[in-house]
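Reader: I'd like to learn how to read aromatic ring pairs in a model. Could you walk me through an example?

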Amino acid sequence: MKKNHFLIGALLCLTASVSWGAMFPVAERALRYIDPIYFSFLRYLAVSIILGILLLIKEGKKSFCLEGKGKNLLFFGTMAFTVYNFLIFSGQDLLGHNGVIVASIMESLMPMISIMIMWVFKNARPMKYTIASMLLALIGAILVITNGNLSFLFLLKDSIIPILFILIGVIGWVIYTMGGNQFSGWSTLRYSTLTCILGTSVSGIITFFATVLGLSVPTAEVIQSIYGEMIFMIIFPGAIALLSWNLGIKLLTPINGILFINVVPITTLVIVFIQGGSLSSFELLGTFLVIYALIQNNYYQRKNLPSQVEELNPRKVKRIA
């Protein structure tokens, strides 16, 4: 891997994280009018169509061939576009206004979850500086979201089910992020498109049976009332963020790229500030810690790049930076 790939990958992951930072506030308004199941399904149905057209134009019909990897594509697609989307927005909806805050905090747990998965299931021991950076970024994100009032965390015990929904959804996205390594010979567009189409198909089946069991189908008036929110969710946190994230992760590796997810709550904070809000000392401190953690991790991974390449040699013990 060339060193300049770190910068490109960082910018791509940052683009995705900034888009997702605005996702939960926008979704909050939309979920007042539409069920999270239909909200999630319709959103990625549109994304699937957009990506499918792009893939057809750029790589042709042959790129839709699964090449015997259909089961893996279906699994990773289901983790991202069914498990993550259905559960995280269902959890946010059940929690009401606090759902935006809780979902942002849970997003910040992704780096720690990825470390545990890699360590336990793949015997990939992370570098000490990576663990330190992730812990520092997590602390910063929590300070931003809670504004230093950590007593907020103790209130979460009254909403265990929605929180579990969000947590399981977050784990699903982490699994999807790591799954891209199994398709290193494929373009980012191809992996993103096929997993999105297959995962959205599973979502469609679930949505159909939920409708049969009594789930209300959104009317034309409902769709019209959230038209702006849906357009934003489809284009930015949907298609653009998905492609940016998968390519960024491909360049940085999952364990390094996923650290940028801590930018999500920072973006939410910036949006509030632009709208006229003020920044407290805790929010400024948290923002500084997240930025510092990202810079520190990027610095050390550049510094240790030659040794990382050697350690990734399959003949040696795995050690992921």
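This is a predicted model: local features need pLDDT of at least 70, side-chain atom pairs count only at pLDDT 80 or more; totals for chains, interfaces and linings use all residues.

Reader: How many aromatic pairs are there here?

Author: A pair of aromatic rings is described by the distance of the centres and the angle of the planes. Rings of Phe, Tyr and Trp (its six-membered ring) pair if their centres lie within 6.5 Å; planes under 30 degrees apart count as stacked, over 60 as edge-to-face and the rest as tilted. By this rule the count is 16 aromatic pairs. Residues are numbered from 1 along each chain as its sequence is written, and side-chain values use heavy atoms, leaving out hydrogens and water.

Reader: What kind of pair do Tyr 84 and Trp 173 form?

Author: A tilted one, with 5.1 Å centre to centre and 50 degrees between the planes. Tyr 84 belongs to helix α4 (residues 70-95) and Trp 173 to helix α9 (residues 160-179), so the pair ties together parts 89 residues apart in sequence. Helices are DSSP runs (H or I, at least four residues), numbered from the N terminus.

Reader: Are Tyr 84 and Trp 173 buried or exposed?

Author: Buried means under 20% relative accessible area, exposed over 50%, partly exposed in between (1.4 Å probe, protein chains only). Tyr 84 is buried at 5%, and Trp 173 is buried at 3%.

Reader: Which cluster do ring pairs link?

Author: Its members include Trp 20, Tyr 84, Trp 173 and Trp 186.

Terms used: Helices (H or I, at least four residues) and strands (E, at least two) are DSSP runs, numbered from the N terminus.
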